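Me: I would like to learn how to read a protein model. Please take the features one by one, with the general idea before the case.

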Amino acid sequence: MANAFHYSIGKKFIQAISGAFLVIFLLLHGTINFFSVIDSFTGNFGSSEGLFAKGCEFMSLPIVTIMVPVLALGFIVHIGYGIYLTWYNVKARGGYKRYEVASKAAADSWSAKNMFVLGMVILGILFFHMTHFWAHMQLQEFTGGFADDPYVLLTTTFGKWWVLLIYILWFVAVWFHLCHGFWSMLQTIGWNNQIWMKRLKVIGIIVATIIFCIFASVAVNAFLQANGIIG
């Protein structure tokens, strides 16, 4: 029984570490994208001198390009273990439940009960996202082609209201996923006393909200730019 318990904790630990890796990526990726919003206020949106253009140049450096497969591996591990942990608990408990959390209050949260569903929504729209940006930028660098203008990609993608709506729904799903996942991740590595648990939940909501606001503002700003509302 003890071995089974430690084995289960080990699986959750891998899920937590891969999740932490992805949170860091979202913050870095979001910050670079947010440069496009700053460029709108400085009059540099669409300019090669814009912060967003320079950020994209940084992302195309060889050392960063090499990190793309590492990121992909981290994401695959996180999704793979998420699917496996869900299947494991369904089999062990005879019904669909999220893997164990420390309290009934935590288990009763909507995010906790639907982490797998949220993960599948995020994964599905991620492929949609990759056809818009990754295929026209990072993939071109891997294959020796020329990456498209990042500003044009932004306005072309988010210029359609229905695409903007899909992305906003995606960001909402990420928000819910992070609200539970952030504190659950830290709980798994040992920060699970009652005092810190309350703080971690608040911090998780703050981090999730920051990430949501960054990406949502980028999408809305590009929509406004594409439709001549600002610019």
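Me: How many aromatic pairs does the count come to?

Reply: A pair of aromatic rings is described by the distance of the centres and the angle of the planes. This is a predicted model, and the count here comes to 10 aromatic pairs. One of them joins Tyr167 and Phe171, with 6.1 Å from centre to centre and 50 degrees between the planes, a tilted arrangement.

Me: Where do Tyr167 and Phe171 sit relative to each other along the helix?

Reply: Both belong to helix 9 (residues 161–188), and because they are four residues apart there, about one helical turn separates them. Tyr167 has a relative accessibility of 1%, so Tyr167 counts as buried. Phe171 has 8%, so Phe171 is buried as well.

Another pair is formed by Trp175 and Phe176, whose centres are 5.0 Å apart and whose planes make 85 degrees, an edge-to-face arrangement. Trp175 is partly exposed, at 24% relative accessible area. Phe176 is partly exposed too, at 28%.

Me: Which residues do ring pairs link into a cluster?

Reply: The cluster consists of Phe128, Phe133, Phe158, Tyr167, Trp170, Phe171 and Phe215, linked by ring pairs.

Me: How many residues does the largest nonpolar core have?

Reply: In soluble globular proteins, nonpolar side chains tend to be buried together. In this model, the largest nonpolar core has 40 residues. Those with the most contacts inside the core are Leu154, Phe158, Tyr167, Trp170 and Phe171.

Me: Which elements give two or more residues to this core?

Reply: They are helix 1 (2–42), helix 2, helix 6, helix 8, helix 9 and helix 10 (194–226). Helix 9 gives the most, with 11 residues.

Me: What is Leu154 in contact with, leaving aside neighbours within four places in sequence?

Reply: With those neighbours left out, Leu154 is in contact with Ser36, Phe52, Phe133, Gly159, Val218 and Ala222.

Me: At what angle do helix 2 and helix 8 pack?

Reply: Two packed helices are described by the angle between their axes and the distance between the axes. For helix 2 (residues 51–59) and helix 8 (residues 150–158), the angle is about 110 degrees and the axes are 9 Å apart. Helix 2 is therefore roughly perpendicular to helix 8. The residues of this contact divide into seven nonpolar, no polar and no charged.

Me: Which residues of helix 2 and helix 8 meet?

Reply: On the helix 2 side they are Leu51, Phe52, Ala53 and Cys56, and on the helix 8 side Pro150, Tyr151 and Leu154.

Me: Is His129 buried or exposed?

Reply: The cut-off to remember is that buried means under 20% relative accessible area. His129 has 17%, so His129 counts as buried. This residue is found in helix 6 (residues 115–132). Not counting residues up to four places away in sequence, His129 touches Trp134, Tyr167 and Trp170.

Me: Now the whole chain. How many helices and strands are there in the protein?

Reply: The protein has 10 helices and zero strands. Read along the sequence, the pattern is α-α-α-α-α-α-α-α-α-α. Of its 231 residues, 38% count as buried.

Me: How many residues apart in sequence are Gly181 and Ala208?

Reply: They are 27 residues apart in sequence, and their C-alpha atoms are 9.6 Å apart in space. Gly181 lies in helix 9 and is partly exposed, at 23% relative accessibility.

Me: What separates the C-alpha atoms of Val152 and Gly46?

Reply: A distance of 7.6 Å separates them, although the two residues are 106 residues apart along the chain. Val152 has its place in helix 8. With a relative accessible area of 46%, Val152 is partly exposed.

Technical notes
Residues numbered from 1 in each chain as written. Predicted model: local features only at pLDDT ≥ 70, side-chain atom pairs only at ≥ 80, totals over all residues. Heavy atoms only, no water. Buried < 20%, exposed > 50% of the residue type's maximum accessible area, 1.4 Å probe, protein only. Contact = heavy atoms within 4.5 Å. Axes fitted to C-alpha atoms, helices over the stretch in contact; angles between N-to-C directions. Parallel < 35°, antiparallel > 145°, perpendicular 65-115°, else oblique. Nonpolar A, V, L, I, M, F, W, Y, C, P; charged D, E, K, R; others polar. Phe/Tyr/Trp six-rings, centres within 6.5 Å; stacked < 30°, edge-to-face > 60°. Core = buried A, V, L, I, M, F, W, Y, C linked by side-chain atoms within 4.5 Å.
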